[in-house]
Amino acid sequence: MQIQWYPGHMAKALRQMKEDIGKVDLCIELLDARAPFSTGNPEIRELAARRYRLVLLNKADLAEEAVTEQWIRFFRAQGIRAVALDARSRKGMKELQKAVDEVCEGKYEQDRKRGLMERPVRAMVAGIPNVGKSTLINSLSGKAAAKTGNKPGVTKGNQWIRLNRRLDLLDTPGVLWPRFDSEAVGLRLAWIGAVNDEILPKEELAYRLVRFLLDSGRQAMLEARYETDPSVLSDPSDPNAWIETIAVKRGFLKKGGEADLTRTAARIIEEFRAGTIGRISLETPDETEQEENV
Ligand code: G4P
């Protein structure tokens, strides 16, 4: 299943970002902590490489802590500061300011040398749809400055938001890139909700998600969440057996008593996205390192 989604407004937004990158000191790149490789837009990476760069592994509350730590080390090994974050809570914000200060030390130094009063750091907040850009800006600014929504592409940019004397943020819309590198990348982007749901084959997506959970040794999560004893399944290694059982458990049945697989698929994906199935990291640095340099 090859998933691709690159509507015209994203290409346009990216052109705007390319213009704007020259006006900022810092690029704050939001990634989804569950899939820091797949959610890294190569176009944004290229922009970020020209500025001070800070990576935020957002939705860290939905990822496995130990794997997120591996990712932080992975970025550090490349000289990139990465911070794990739950953008909905104010907890990570102090650390964020600290990281901004650290990353921008060179700019402060330069300003001092030039005899300038400390100017605020101007930062572009960039990332693919649904990684939490609006939530982050709202948490930081303490008000509903940016519109949030779980529908990819809702964020409308680009506006400057003055946070405090030390930090100005430039809000940008979520942008993907023209061709996802592999089927796996497309799938992970779809699972986490970065791709317009309307174009996705939900049943196939849920099948692949359950298959991933089974293949990666996470069957126990399905057993617990859906209170299912695998011994009652015709074949516990078959994702369809799980999906059909979940349909029955949830009472998602059509008129004739047949399982409503479309509704069940949608629910499974929804529950994965919300973290209800559990904290799940979709990729580790070891698995993805070979594919491409992050
Ligand atoms: P975007 O601007 O990058 O497109 O993303 P946005 O902030 O709109 O966030 C997309 C969804 O992700 C929102 O859920 C938001 O609450 C959620 N979210 C953002 N950051 C985090 C995080 O660190 N952890 C978790 N668990 N969720 C996060 P929603 O369902 O659309 O909104 P709501 O029901 O939460 O209001």
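The legends below describe several close-up views of a predicted model. Residues are numbered from 1 along each chain as its sequence is written, and side-chain values use heavy atoms, with hydrogens and water left out. Because the model is predicted, local features need pLDDT of at least 70 and side-chain atom pairs count only at pLDDT 80 or more, while totals for chains, interfaces and linings use all residues.

**View 1. The two domains of the protein.** The domain assignment, which is automatic or comes from a database, gives domain 1 (8–171) and domain 2 (201–293). The C-alpha centres of domain 1 and domain 2 lie 32 Å apart. Where these domains are in contact (heavy atoms within 4.5 Å), 16 residues come from domain 1 and 18 residues from domain 2.

**View 2. The crossing of helices α8 and α11.** Helices here are DSSP runs (H or I, at least four residues), as strands are (E, at least two), and they are numbered from the N terminus. The axes of α8 (residues 202–215) and α11 (residues 261–274) come within 8 Å and cross at roughly 55°, the axes being lines fitted to C-alpha atoms over the stretch in contact, with angles from 0 to 180 degrees between N-to-C directions. That makes α8 oblique to α11, since angles under 35 degrees count as roughly parallel, over 145 as roughly antiparallel, 65 to 115 as roughly perpendicular and the rest as oblique. Among the residues that meet are Leu205 and Leu209 in α8, and Ile268 and Phe272 in α11.

**View 3. Lys107 in helix α5.** Lys107 is found in helix α5 (residues 105–113) and, at 3% relative accessibility, counts as buried; buried means under 20% relative accessible area, exposed over 50%, and partly exposed in between (1.4 Å probe, protein chains only). Leaving aside neighbours within four places in sequence, Lys107 is in contact with Asp25, Tyr52, Arg119, Pro120 and Val121.

**View 4. Two residues with positive phi.** Most residues other than glycine have a negative phi. Lys59, in the loop between β2 (52–58) and α3 (65–77), has a positive phi near 60°, and Lys59 is buried, with a relative accessible area of 18%. Glu227, in the loop between α9 (219–225) and α10 (239–250), has a positive phi near 40°, and at 62% relative accessibility Glu227 counts as exposed.

**View 5. Pro7 and Asn196.** Pro7 has its place in the segment before α1 (8–20) and is buried, with a relative accessible area of 19%. Although Pro7 and Asn196 are 189 residues apart in sequence, their C-alpha atoms are 9.9 Å apart in space.
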